4 protein chains.
Amino acid sequence: MRVVEFTPTRDQYVWTFGGAEPVLEVSPGSAMRLWTEDAFAGRVTSSADKPSRVLNTKELNPQTGPFYVTGAEVGDTLALHFVSIEPARDWAASTTIPLFGALTGTDRTATLQAPLPELAWIYRIDRARGIATFTAHESDFTLDIPLAPMMGTVGVAPALREVRTTLVPDYFGGNMDTPELRAGTTVYLGVNTDGALFSVGDGHYRQGEGETCGTALEGAMNVTLVVDLIKGGAPAWPRFEHDDALVTVGSARPLEDAWRCSQVEMVRWLEELYGLSTMDAYQLCSQLCLSPLANVVDVNYSAVTKIAKALLPPADPYGGMHRKLRAIGEQLD
Amino acid sequence: MRVVEFTPTRDQYVWTFGGAEPVLEVSPGSAMRLWTEDAFAGRVTSSADKPSRVLNTKELNPQTGPFYVTGAEVGDTLALHFVSIEPARDWAASTTIPLFGALTGTDRTATLQAPLPELAWIYRIDRARGIATFTAHESDFTLDIPLAPMMGTVGVAPALREVRTTLVPDYFGGNMDTPELRAGTTVYLGVNTDGALFSVGDGHYRQGEGETCGTALEGAMNVTLVVDLIKGGAPAWPRFEHDDALVTVGSARPLEDAWRCSQVEMVRWLEELYGLSTMDAYQLCSQLCLSPLANVVDVNYSAVTKIAKALLPPADPYGGMHRKLRAIGEQLD
Amino acid sequence: MRVVEFTPTRDQYVWTFGGAEPVLEVSPGSAMRLWTEDAFAGRVTSSADKPSRVLNTKELNPQTGPFYVTGAEVGDTLALHFVSIEPARDWAASTTIPLFGALTGTDRTATLQAPLPELAWIYRIDRARGIATFTAHESDFTLDIPLAPMMGTVGVAPALREVRTTLVPDYFGGNMDTPELRAGTTVYLGVNTDGALFSVGDGHYRQGEGETCGTALEGAMNVTLVVDLIKGGAPAWPRFEHDDALVTVGSARPLEDAWRCSQVEMVRWLEELYGLSTMDAYQLCSQLCLSPLANVVDVNYSAVTKIAKALLPPADPYGGMHRKLRAIGEQLD
Amino acid sequence: MRVVEFTPTRDQYVWTFGGAEPVLEVSPGSAMRLWTEDAFAGRVTSSADKPSRVLNTKELNPQTGPFYVTGAEVGDTLALHFVSIEPARDWAASTTIPLFGALTGTDRTATLQAPLPELAWIYRIDRARGIATFTAHESDFTLDIPLAPMMGTVGVAPALREVRTTLVPDYFGGNMDTPELRAGTTVYLGVNTDGALFSVGDGHYRQGEGETCGTALEGAMNVTLVVDLIKGGAPAWPRFEHDDALVTVGSARPLEDAWRCSQVEMVRWLEELYGLSTMDAYQLCSQLCLSPLANVVDVNYSAVTKIAKALLPPADPYGGMHRKLRAIGEQLD
């Protein structure tokens with residue numbers, strides 16, 4: 001099988017969903033090997049770095065892409081199966097950025113208090129052992145924690161002629177920052193423009209749910225994925241499929257609305273899969289779902305609804321697309 | 001004085017802030033006479049119209065513009081003084097649109113309930129008497145109410161390479177929908193791109209604060225304004241100046257954050273005008289401000305902070321820009 | 001006409017709605033002359049006071065009452081007409097309290113930032129001229145501002161066996177902190193317990209809309225009011241009537257929900273007064289209402305919907321109760 | 001070991017935190033065997049029941065208690081270890097209640113739409129197999145799902161002289177509705193009044209995270225717990241401890257504030273346990289935490305922060321209280 005490979009040069013980074021020329025056209029069924037830079041565009045490299053000095057606020061969260069998917073039209077469903085997501089470096093960086101994060105006033109939750117200190121933490125990464133080492137700034141404390149690689153950002157071009165920063169997730173995906181997007185996940189996104197124009201980025205070597213301080217263990221990533229297309233059937237909000245779970249993601253403010261979007265999307269999915277009425281699907285979702293938060297720091301927050309397949313009758317979402325793409329992925333070495 | 005006139009043809013309507021080529025270049029100090037189509041793009045004309053049938057969801061809230069302001073650079077402050085805002089038609093339309101509005105579930109406040117009925121109300125407008133006539137759908141009730149013309153939307157191109165729908169207000173202005181934007185108002189907007197690229201639209205012959213049902217008395221408008229430019233000094237959020245009041249507008253969700261943005265902006269303005277410390281300005285704003293809501297229906301809500309000049313010591317914001325533009329406006333016939 | 005007079009001794013202050021024995025029984029139609037202590041229980045007296053040192057967090061917002069209204073039963077409507085609200089002192093105090101206020105993290109909007117400085121401002125009050133004098137802490141700035149006396153708090157005992165702090169407004173009224181509650185206002189509150197058990201307090205010599213920093217010009221007050229009772233008809237949320245306006249008040253978080261409560265209450269009121277359908281009342285409210293914020297600092301925020309009577313056909317809410325009580329008030333000297 | 005047993009009679013149910021006389025005094029170290037009625041007070045028994053007809057809105061969420069803990073004083077920390085939580089019936093009920101739930105307008109998120117249908121689902125419970133059977137209303141669909149018993153409600157009397165409905169969670173615990181409160185959990189609650197006055201109720205045979213439709217598999221429960229007391233150290237928000245995790249719970253609106261409360265509480269706990277600075281604890285929490293939602297339906301929403309002990313260095317919260325109480329529990333048969 002041919003595998004499309006793409007590593008952007010620095011001037012090929014894109015900072016928006018929509019608005020950028022595609023770097024490649026890929027046909028449904030293609031596998032891709034991609035490299036993604038970290039969300040700081042590689043600019044935080046030392047625990048002595050001050051984010052407000054080293055970062056360029058116009059160059060945050062670079063994406064690899066966009067890719068034009070042959071045949072994708074408005075109303076179709078793009079399927080992206082993440083075969084592997086592997087740290088490409090032996091270190092990762094996390095920071096606190098002034099007036100950004102969940103436990104501080106921000107440009108929107110505007111307050112008059114002084115910002116929290118801006119700090120950078122550099123984690124040493126032992127890829128063989130799957131370990132990241134945290135080193136405290138203000139005490140003699142280190143901790144080895146397991147890697148749990150994931151992609152913070154995947155999305156397509158938005159509707160309504162918009163071009164949107166890669167910093168803010170929405171119905172088109174984007175910077176959802178959920179640990180549910182890991183190796184083995186198939187992502188379903190509604191297509192809003194010809195070619196879908198998807199891109200990926202913002203690898204996290206590990207992240208807590210909510211991404212409280214605003215950044216994860218940000219790191220460059222090697223990503224292998226398989227692309228496919230379902231004609232029609234565009235979901236209102238991103239859907240994911242794992243071997244063992246169905247997942248929906250909503251992004252909005254306040255946080256309850258992000259979660260409501262993911263919940264209604266899951267209710268609709270249960271209706272589709274099992275022929276349930278809305279009220280029966282509502283009841284079932286209420287008793288079966290997990291609700292792990294994703295990000296509570298971006299201009300739209302993201303929340304997840306997740307149901308274990310083991311709790312549900314067998315079903316074959318999108319005609320078995322996840323199984324199919326998983327099988328393709330397994331053939332790649 | 002030369003007055004730039006511009007009435008867009010239907011194919012010149014623009015639907016975004018950013019992303020559209022300027023239709024004209026204007027130099028600071030210019031007066032302009034503009035015509036704006038209503039937010040429905042003129043498609044609701046009868047009380048029998050069903051919004052979901054007659055509206056084109058990709059063609060809502062058309063703007064007149066964008067205009068390139070000579071010399072405007074990032075970080076500058078665009079000043080737009082609205083000399084007059086006059087209904088251009090003898091009727092106006094208001095509607096309820098399924099799953100849009102403040103007293104219904106929406107695409108974000110996602111619920112499972114059936115939408116409210118979709119209805120259109122056509123108001124007859126008596127421009128001479130300044131009266132709009134409301135006619136109830138379901139009872140024998142009519143009511144004459146005074147016109148209070150305003151512009152729902154004014155904004156500039158956003159930062160971060162974005163192109164944003166004209167439906168959602170933000171730091172760059174846009175669809176704020178505040179009755180504070182009426183004849184006599186000077187609007188100050190931070191410039192994010194060369195030329196500022198401002199546009200205006202969404203005339204309301206009258207609107208309550210909050211725009212509860214989602215639409216006002218929507219109508220085409222004749223707008224006369226004067227454009228000017230202040231080098232530097234870009235406010236974080238839109239500021240307005242009336243003969244008798246200072247006004248700031250924040251746009252975000254939840255609503256308290258929209259209001260917080262407007263409050264912090266007013267605190268900053270008081271600091272600038274009177275050399276007050278932050279805490280003294282905070283105290284003074286707390287006791288003096290009015291807080292009339294603007295819109296509680298768009299993807300960002302808008303809230304206003306307003307202080308009567310009569311309550312404050314004399315001051316000359318932006319070197320007397322409002323007085324200067326007002327004087328220019330008075331010379332136009 | 002007999003006028004019931006009551007000035008609480010310090011040990012008679014009450015700190016809750018519900019849970020306190022009535023101090024007096026009053027019959028519908030009674031006039032009352034009351035004195036209320038300020039929200040600090042009189043403990044802030046100098047601009048050198050540190051709120052966290054001088055305040056007792058268990059003794060904030062003392063109420064005068066509760067009063068048992070003869071004949072009041074669950075589901076009835078208590079009417080309280082405020083004849084006069086007059087400053088009882090020649091000074092007023094305002095403060096910033098650590099982690100309280102709209103432009104700071106709080107115990108609920110929990111952040112890790114350091115609190116803002118805690119400061120007290122003492123305003124000199126010239127009652128004859130109706131003036132309060134603001135003196136800045138950190139610069140040589142003073143400002144005379146007009147008094148605009150109002151009551152921050154009025155409420156009845158809650159339902160569901162609850163006893164609720166006087167700090168948090170809700171459906172039963174309480175600490176709504178709206179400048180709409182001034183001399184001339186009639187307040188309508190649903191009765192939740194036998195006798196209604198209303199109390200009043202928290203006089204403000206002046207307050208901005210939103211009460212941004214968390215406190216107004218807090219001061220002791222002389223209050224004259226007339227009590228009456230309407231059998232049945234309990235509104236879901238407090239309604240006010242002015243000579244020239246109808247007002248509803250909602251209290252909740254986030255702020256849009258507080259406002260939604262007030263809006264639905266106004267829609268219902270318009271339906272009742274004019275026999276309008278819900279959709280027609282929704283439309284009319286959308287075009288006519290003002291939406292001035294009340295408080296954005298308490299554990300429930302409060303928002304107001306207000307419609308000028310001049311915009312509406314003549315109506316006689318509650319059988320002319322406001323006119324009747326106003327006439328009684330005018331007979332008091 | 002003596003075990004205190006208590007099964008309330010119907011007239012002993014309590015509906016508030018605070019405001020009720022203790023039914024028993026228990027000394028620290030005591031084990032208790034309790035029975036709790038379901039949140040409907042046993043009134044929903046058939047899938048033909050209409051909640052609005054069979055429920056008494058003043059008698060919802062009955063608690064078993066309150067219990068006076070010998071020696072508990074304001075500022076102390078009550079520890080409750082749940083040894084077992086076992087369904088006491090062979091059926092459970094769930095319902096949709098008009099204008100209650102996450103995917104409908106409510107009394108606070110007030111809208112004008114018609115309520116969703118009100119329905120009851122009765123689940124057959126096979127306690128031996130640990131299975132509940134869902135039966136759809138509108139199609140021929142049944143599903144066996146595993147039991148996962150938990151307590152929706154546990155709390156102490158509030159501060160500030162308040163008496164609070166058992167329906168609304170807050171800093172004092174209450175109706176948090178998190179599946180994290182299951183057999184094996186130790187709950188730590190700050191004491192606000194002499195004797196703490198704790199009670200428990202609202203057993204759920206299973207619940208999804210968020211309790212979307214407003215109710216879980218509501219059922220009577222047999223609860224065994226061990227009570228203990230830590231002098232001082234009251235947490236600001238409830239903390240839980242599992243064998244394998246630390247958990248904090250915040251309750252507020254909007255949902256981000258509930259979560260922020262739980263996050264700050266966890267940051268504080270990490271500071272205490274490991275001597276970390278606030279910023280280092282913030283960073284560590286950001287990368288390690290899970291954030292499963294609890295309830296998004298009550299007047300305060302509840303959100304959880306959870307960190308696996310396996311990710312942290314060994315620690316002994318509260319001097320090993322959890323281990324100690326677990327050992328006591330194991331000795332009970």
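What rotation superposes chain A on chain D, and with how much shift along its axis? In this predicted model, the rotation is 180 degrees with 0.0 Å of shift, and the RMSD is 0.0 Å. That relation is the one a two-fold axis gives. Within chain A, A:Pro292 has the C-alpha nearest the axis, 2.2 Å from it. The copies meet through the same surface, because 100% of the interface residues of chain A are also interface residues in chain D.

**Chains A and B**

Two copies of a chain are related by a rotation about an axis and a shift along it. Chain B is laid on chain A by a turn of 180 degrees, a shift of 0.0 Å along the axis and an RMSD of 0.0 Å. The residue of chain B that comes closest to this rotation axis is B:Val163, with its C-alpha at 2.3 Å. Here, too, the same surface serves both copies, since 100% of the contact residues of chain B recur in chain A.

The size of an interface is often given as the accessible area lost when the parts come together. Between chain B and chain A the buried area is about 2700 Å², and carbon and sulfur atoms give 60% of this. Three residues, B:Arg108, B:Leu112 and B:Arg161, supply 27% of the area that chain B buries against chain A, more than any other three residues.

The contacts across this interface are listed below.

| Item, chain B and chain A | Value |
|---|---|
| Residues from chain B | 33 residues |
| Residues from chain A | 33 residues |
| Salt bridges | four salt bridges |
| Polar contacts, both at pLDDT 80 or more | nine residue pairs |

On the side of chain B that touches chain A, β12 (164-165), β18 (245-252), α2 (255-274) and α3 (278-288) of chain B each supply at least two residues. The largest share, six residues, comes from α2(B). A salt bridge joins the side chains of A:Arg108 and B:Asp170, at 3.1 Å from N to O.

**A:Asp49**

A:Asp49 lies in the loop between β4 (31-36) and α1 (51-54) of chain A. Is A:Asp49 buried or exposed, and what is the nearest side chain of opposite charge? A:Asp49 is buried and has no salt bridge; A:Arg53 is the nearest side chain of opposite charge, 8.1 Å away. The side chain of A:Asp49 does reach the backbone nitrogen of A:Thr45, at 2.8 Å. Apart from neighbours within four places in sequence, A:Asp49 is in contact with A:Arg43, A:Val44, A:Val54 and A:Ala120.

Terms used:
Residues numbered from 1 in each chain as written. Chains lettered and ligands numbered in written order. Predicted model: local features only at pLDDT ≥ 70, side-chain atom pairs only at ≥ 80, totals over all residues. Heavy atoms only, no water. Least-squares fit on C-alpha atoms with pLDDT ≥ 70 in both. Contact = heavy atoms within 4.5 Å. Helix = DSSP H or I, 4+ residues; strand = E, 2+ residues; numbered from the N terminus. Buried < 20%, exposed > 50% of the residue type's maximum accessible area, 1.4 Å probe, protein only. Lys, Arg positive; Asp, Glu negative; His and termini not counted. Polar contact = N/O pair within 3.5 Å; in protein donor to acceptor, adjacent residues only side chain to side chain. Buried area = accessible area lost by both parts, 1.4 Å probe.
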